[in-house]
Amino acid sequence: MKNKEKRLPFFGIGKILPYLKNYKKALAILVLGSLGGSLIDIGVPLFQRYALNHFVAGGTLDTLPVFIALYFGVIVASAVMGYFSAYCGMAIEVGIDKDLRNDAFEHLQTLSFSYFNQNSVGYIHSRVMSDTQRIGTLVSWTLLDSTWQLSYLVGAIVVMLSINARLALMVLAVLPLTVLLYAVFQRNLTRVNREIREQNSVITGNFNEGITGARTIKTLVIEDTMGRAFTDDTELMRRKTLRAARLRGLFAATMHFASSLALAIVLWQGGFIAKSQIGTFSLFMSYAQGMMEPVRWIVDAISDLITTQVNIERLVKLLNTQPDVVDSEAVTALYGDCFEPKRENWEELRGDIRFEDVSFRYPDGDETILEHFDLDIPFGSSIAIVGETGAGKSTLANLICRFYEPTAGRVLIDGRDARERSQLWLHSAIGYVLQTPHLFSGTVRENLLYGNPEASEEQIWEALRLVSAEAMVRQLEKGLDTDVGEGGDLLSTGEKQLLSFARAILADPKILVLDEATASVDTITEQKIQAAIDTIIRGRTSIVIAHRLSTVRNADLILLVHDGKIVERGRHEELMAKRGQYYRLYTRQYEDEATSSLLG
């Protein structure tokens, strides 16, 4: 969708209307209850008019029992309608919140890695949680209030015109002023509220970093720096919010003045009819005062609509974001997608990989990383990608896993273009262990079963033995049923990495990618993992991304990456014999490690 199309009419509510289909019954009850309640509120001044004209001015009580019964019935009916309208409003709000959040979260699962690289956690969190909540409130309570307020306003106008058209028209003369004020204030309020929502995303993101990076902040002793930065952000938020409040306050004050004119007109002109028609005077007084609430509501509703328009725009932008990597319709029809896979059509993946005249640059960059690159990785091969930090070592692994698509050329899996099969088919055959391990909230067992939900107890312990993690798990308080905490924070980095490794092994992948999997663990844990790697990679195609060259000497092929380019390739002995960049890098690392060992 083009940017211009995202600014939808009627404050973007048209994009949300399809979500109301599941709540037709609740909506009908809400609307009918609101209409009934407003009609009753419109009728109350008519009761007052009758009582004053008949009982007071007429001096008779002949119809008093009937009057009391009708009035009591109206009050009960109003209470019942109010209850059901409020109940349905709440049901619609929480239902819409659920549906929007589910759709947003599911859509996030389909997006490519580039989206998460370009958008912060705080930004995404605000879209899925805060924006959906505002939209849910709009389509429930705002709909409830609008039905009541507008129907009351229209009904009161009709009654006033039927009783005294001249006085009614004088009261209604203030309505064009309301329209004019809206036109003046709408643009500024929209812009300011959009800025507020964006600043709120910044604050949410910084708050998230402050919590997740608490240990780093303390070890760097930068609490004051982070505190000042957060204070600056909240101060900017305060200024923007106050500016919006001033605009809304000025808007409300002006509108209040305009609505108060209606009451002044009634007091001025109504005095002439008070002597002869005290009931009619009371009715106009009630309607003039009652009309002030709908007019005030219009002020708040317009402001809420303007504010929520920003939320809708941002959520629609998320839902309209397309992934960089997409399966074709033919592939999806045959293999299914990530939510409805057709596993019965999946061929067995062997693990042969070929880069065929591949060129590549990242979607947000202009520099070509690979250019006319060819590489054959037969099944069972061990490929090491090495280089200094930031050299671009993960590019090949990203292309193999289809996290990104080649700009030109093809990546073949088992002799076929990877794009001819589904992403899920490929990902289900890949075990990926990251440098920074991540566990999900839950127990050790639950995290391991993400690798293979059907794994038996014996298979779980076998995977733990392969990565030398069995003893570590048995020492935990509840063993496999020990809670790991949010993100695995109750475990050490080394323990999390061992469990991440075991989880990948449980999946029994044909292709194993180790992205600097030993870089963030201690020496003893690294030795445990390194000892298991030679066993684990047998019968698999392995891609090992490494910074420490001593861990990849036995690889079938080593690719040296520098500034995003592959500058050398070959086995360890061949590269050492060339005495090129690999030789210099290896020698320097060896000297550094030897010096550290000696000093240690």
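Trainee: Which residue stands opposite S382 in β8?

Mentor: S542 stands opposite S382 there. Before going on, note that this is a predicted model, where local features need pLDDT of at least 70, side-chain atom pairs count only at pLDDT 80 or more, and totals for chains, interfaces and linings use all residues. Residues are numbered from 1 along each chain as its sequence is written, and side-chain values use heavy atoms, with hydrogens and water left out.

Trainee: In what sense do β3 and β8 pair, and over how many bridges?

Mentor: Strand β3, residues 382–386, pairs with β8 in the parallel sense over five bridges. Strands here are DSSP runs of E with at least two residues, helices are runs of H or I with at least four, and both are numbered from the N terminus. Two strands pair if DSSP finds at least two bridges between them.

Trainee: What about β7 and β8?

Mentor: Also parallel, over five bridges, with β7 covering residues 511–515. The bridge partner of L512 in β8 is S542.

Trainee: Is β8 enclosed or open, and why?

Mentor: Six of the six residues of β8 (541–546) are buried, so the strand is largely enclosed by the rest of the structure. Buried means under 20% relative accessible area, exposed over 50%, and partly exposed in between, with a 1.4 Å probe and protein chains only.

Trainee: Which residues of β8 point which way?

Mentor: T541, I543 and I545 point one way, while S542, V544 and A546 point the other, and all are buried. In a regular strand the side chains alternate between the two faces of the sheet.

Trainee: What is the strand order in the sheet with β8?

Mentor: The order is β6-β7-β8-β3-β9-β10, an open sheet of six strands with mixed pairing. Its edge strands, each pairing on one side only, are β6 (430–433) and β10 (565–570). From one strand to the next the twist averages 15°. Further along, β3 and β9 (residues 557–562) run parallel and are joined by four bridges, with I383 opposite L557.

Trainee: New topic. How do α5 and α6 pack?

Mentor: Helix α5 (residues 121–163) and α6 pack at an angle of about 140°, with their axes 6 Å apart. Axes are lines fitted to C-alpha atoms, for helices over the stretch in contact, and angles run from 0 to 180 degrees between N-to-C directions.

Trainee: So what is the pair called, parallel or oblique?

Mentor: The two helices are therefore oblique to each other. Under 35 degrees counts as roughly parallel, over 145 as roughly antiparallel, 65 to 115 as roughly perpendicular, and the rest as oblique.

Trainee: Which residues make the contact?

Mentor: I157, M160, L161 and I163 of α5, and A165, A168, L169 and L172 of α6. Contact means heavy atoms within 4.5 Å.

Trainee: Which residues of α6 are buried?

Mentor: L167, A168, V171 and L172, in a helix that spans residues 165–172. They cover an arc of only 135° around the axis, which puts them on the same side of α6. That arc is taken from the directions from the helix axis to the C-beta atoms. The face turned away from the buried side carries the exposed residues R166 and L169.

Trainee: Last one: where is F360, and is it buried or exposed?

Mentor: F360 is in strand β1, residues 353–360. At 2% relative accessibility, F360 counts as buried. F360 and E371 are 11 residues apart in sequence and 6.6 Å apart in space, C-alpha to C-alpha.
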